[in-house]
Amino acid sequence: MLYHYIYLTVLIILAVMIFACLIRAVRGPRIADRLVAVNMMGTMVMVMIAVLALMLDEGYLVDVCLVYAMISFLAVVILSKVYIGIYEENRHTDNGSDQEGKGGISDGNF
Amino acid sequence: MGIFEWIRLIVGSAFLIGGLVIFFTELFGIFHFHYVLNRMHAAAMGDTLGIASCLIGLIIFSGLNFTSLKLLLIIIFLWFASPVSSHVLARLEVATNENLEAHCRVYTDLATLENAVVEEPSQAGAAPGAGSDLPAQEQEQNTKGGALS
């Protein structure tokens, strides 16, 4: 019963911290700020899932946590690569739209 | 509860609370710094040390079974994944920021950076904006003059 209260306290503290991260993700002036905040939220959600796995005594939730770690890492990498590609494409179309033609999304550092 | 149970409870709670403190420090750094490359420095700490401390506490709570092995696997995976994602995020910021010189000093190639470090070895990392206003040739001449005299 003591362990139950410990897990519950940790879950509540982590939930409050995730809301603070969400404020940063909404307010962040640049897109890298938002991605950093989303990455932090993913880390805290991983700890929450691991705590839940021990609190409910369900071992398969740790597998969910591992898959969440991989997908969170993949999301950050893919989103930054896609945004670099979009930025390069916009710059190409702004600078020389007549002589360059259209550089696709693969024209950037992709 | 026996004495072993109490030791396990205290040590595991200490690791768990330490991880929460690291997470709080990370959150403070995210709101304290003003630029994303500084914020990333604070955010990378929770990805490795914070989650490692929290999951070590949970491993101590869980005991020695297959669940704790999978928790250890998560820690090891994040040790590899977090520097890669930080590097990709920093590359995103450097590639898409128009006026990067307003926030930090930018050295376009390695020779300029080496000249700046040789010229002012103590202030190279301390004073912001000290060596960025000199062009590369001028710094090279200064370095040669210092070596001759």
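Guide: B:Asn65 is found in the loop between helices H2 and H3 of chain B; helices (H or I, at least four residues) and strands (E, at least two) are DSSP runs, numbered from the N terminus. Residues are counted from 1 along each chain as its sequence is written, while chains are lettered from A and ligands numbered from 1 in the order in which they are written. The model is predicted, so local features need pLDDT (the predictor's confidence in each residue, from 0 to 100) of at least 70 and side-chain atom pairs count only at pLDDT 80 or more, whereas totals for chains, interfaces and linings use all residues.

B:Asn65 counts as exposed because it has 10 C-beta neighbours inside 10 Å. The term rests on C-beta atoms placed from the backbone: a residue is buried if 20 or more others lie within 10 Å of its own, exposed if 12 or fewer, and partly exposed in between. B:Ala14 is 51 residues from B:Asn65 in sequence, and their C-alpha atoms are 21 Å apart in space.

Helix H2 of chain B comes next in this account. B:Gly63, which follows this helix, has a positive phi, near 90°. In contrast to the exposed B:Asn65, 20 of the 27 residues of H2 of chain B are buried, so this helix is largely enclosed by the rest of the structure. Its 27 residues should span 39 Å at 1.5 Å a residue, and the end C-alpha atoms are 37 Å apart, which agrees; the expected span is 1.5 Å times one less than the number of residues. A kink of about 30° is centred on B:Gly46 in H2 of chain B, where the bend is the angle between axes fitted to the seven residues ending at a residue and the seven starting there.

B:Leu58 illustrates the packing. Apart from neighbours within four places in sequence, B:Leu58 is in contact with A:Ala50, A:Val51, A:Leu54 and B:Leu71; contact requires C-beta atoms, placed from the backbone, to lie within 7 Å. B:Leu58 is also among the residues with the most contacts inside the largest nonpolar core, which has 48 residues. Such a core is a set of buried Ala, Val, Leu, Ile, Met, Phe, Trp, Tyr and Cys residues joined through C-beta atoms within 7 Å.

The two chains meet where 38 residues of chain A are in contact with 36 residues of chain B. On the side of chain A that touches chain B, H2 of chain A gives the largest share, 15 residues.

Helix H1 of chain B has buried residues that include B:Leu16, B:Phe23 and B:Ile30. The buried residues of this helix pack against H1 and H2 of chain A and H2 of chain B.

Chain B averages a pLDDT of 80, and 81% of its residues score at least 70. Over residues 126-149 of chain B, however, the pLDDT is below 50. Where pLDDT is low, the predicted coordinates should not be read in detail.
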